[in-house]
Amino acid sequence: MFDIFVHCLLLVVLAASGEATASSPSSTVLAHFDGGLVTLDEVAILHQKRPTTTPEKGDAARKAAKNAAACRRQIEAVAIEKYLAAHFDPNEEPRFATWSEVLVWDAEATALGRAVRAAAAPSRAQVDATMAKSPLVQPVPKRWNLQTLFRRVEGEASLEERAAVRQEIESLRQRLVAGEDFSQLARQHSQSSNRRRGGRVNAVRLADLAQPVAAAVAQLEAGQLSPPVEVEGGFALVLVVEELPAKKPDLKLARRRARGRLHREKAKAAVEALSARLLKMAHVESPPRSTAQPPNWLARYRVAGHTRTLSVAELEAYLQYRKINRPVRDLPAEQLKARIEERILLELHAAEARHRGLADDQLLRQAVDNKLRQLRANSALAVRVERLVKDPDPAQVEAFYTANADRLREVQTAHVRAIETQLDAARPAAFYERMRQLGLKARSGELTFEQVAQALGSDTTVQDLGWLTDDQMWLLGPAPFQALQGLSGRQVTAMVREGRTLRILQVVEVRRQPTPSLAQARPRIESILRNQARASQRKTVRGLVIEEAEIQLTPEAKARCKFDDS
């Protein structure tokens with residue numbers, strides 16, 4: 001089955017026109033170059049996640065040319081990668097040794113994680129016990145989709161003031177009976193937190209409603225509007241939008257979710273227990289604190305019977321591999337401690353995988369070899385590109401500063417924290433309502449962020465999202481972005497939902513950075529210009545390598561790609 005899948009994938013990737021040959025298609029040679037060749041399976045492995053671009057609409061000749069060019073580029077990309085990897089000198093990139101080591105550890109640690117998670121699979125009895133507590137095994141009672149409009153009465157209001165509010169709500173009811181839109185009136189006149197949603201309250205049970213409202217809803221049919229209902233704190237109007245009939249429990253869904261949730265919990269606990277045991281056995285020690293010059297090492301620990309020392313250079317190379325381009329000495333103490341532990345744990349997990357024999361898997365070793373070749377090729381490409389990149393001259397820097405004032409203008413950042421949880425059908429609706437109410441109290445200043453986090457307990461997590469610009473806030477989602485706008489230090493949002501994530505956000509501090517002078521902006525501008533030069537030179541280097549490697553496509557490749565050399 002796997003061979004059939006791979007074969008089909010290769011035909012799609014290379015836009016093959018003819019029938020597959022009876023002999024092994026994976027050994028088909030598509031190109032020769034100085035020192036090697038490219039086969040059909042190598043192209044498929046490299047490009048199975050980057051398939052040929054879908055051609056634009058147009059005449060057949062143009063579409064055929066686009067497909068042919070894309071197919072040629074895919075074959076050439078493999079040849080370039082293999083050629084660069086074969087001609088790479090690790091001495092030209094001092095960080096390569098650390099990068100390749102981390103790459104192998106990543107693969108081995110991933111294999112260990114899979115094994116631990118597999119061993120943590122819950123038994124049938126455990127699933128049954130968890131399922132018995134799940135609300136999904138209970139019949140779903142009848143529910144209602146409602147719209148409400150609420151007018152508040154102050155606690156010490158006189159009888160006359162209460163009568164006036166009742167008259168207001170009665171007047172609004174008459175306008176609704178006359179045909180005005182409930183959503184619009186709710187947004188304009190309601191004093192409830194759901195007014196922005198047009199007063200909507202969806203899939204609510206009678207047990208979830210205040211007793212006077214529940215009694216009114218029980219007497220109404222879909223489309224009917226209640227008379228004014230006196231509730232705690234004021235008067236309300238209720239419109240029954242839709243009645244949702246009771247449903248029998250979906251036992252298959254309940255079991256699947258119970259198993260999945262229990263498996264995740266057990267796997268997480270198993271990984272955490274394993275990590276704690278490995279760290280304890282490693283006897284991690286930190287350098288002594290001193291006012292003198294800080295040492296060039298960050299930690300000593302034992303792994304596989306040997307004592308290892310983690311240097312500053314090794315951790316910086318590790319962070320660069322993780323795309324974190326920040327000097328180690330600039331990291332806050334807590335972040336530095338977390339990164340050191342993360343790096344040590346990776347090595348310990350990899351060693352444990354080797355101890356269990358998980359690193360001997362043939363498919364794992366093949367995947368590692370492919371990734372190491374890609375790493376060698378990317379490093380070789382970066383070295384060649386760097387030779388061609390020159391420092392920008394002062395005139396270029398000044399011209400960029402003048403032409404890109406918008407990119408260098410004042411930027412405001414905010415330090416943001418979040419209380420987060422994920423929507424889970426196994427949780428009662430009362431939990432989410434409680435979180436919503438606590439969020440409203442925090443927004444009004446009645447509760448602090450810390451008090452809300454403590455009240456919600458272990459069902460939520462507190463995340464430090466760091467210093468965010470407006471663009472980074474927008475990446476959290478439209479609802480969080482909108483809620484954060486205009487907040488100052490220590491202010492808290494109400495509960496906001498983005499997808500299946502619920503958050504209560506706090507702006508800890510706001511920092512406004514002044515527009516830099518040319519001298520202040522120079523390092524940043526030089527970095528931008530160098531990156532632009534690197535992107536340009538990368539294309540140049542690829543073209544040079546194609547000539548240097550003398551890449552020649554075979555007739556089989558030309559037939560599959562449907563192009564000729566004319």
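Which residue does a disulfide join to Cys71? In this predicted model, where local features need pLDDT of at least 70 and side-chain atom pairs count only at pLDDT 80 or more, totals for chains, interfaces and linings use all residues. Residues are numbered from 1 along each chain as its sequence is written, and side-chain values use heavy atoms, with hydrogens and water left out.

The partner is Cys561, with an S to S distance of 1.9 Å, and the count comes to 1 disulfide (a pair of cysteine sulfur atoms within 2.5 Å). Cys71 belongs to helix α3 (residues 60–86) and Cys561 to helix α19 (residues 555–561), so that the link spans 490 residues and connects distant parts of the chain; helices here are DSSP runs (H or I, at least four residues) and strands likewise (E, at least two), numbered from the N terminus. The link is left-handed, with -55 degrees about the S-S bond, and both Cys71 and Cys561 are buried (under 20% relative accessible area, with a 1.4 Å probe and protein chains only; exposed means over 50%, partly exposed in between).

Phe33 and Tyr83 are both buried.
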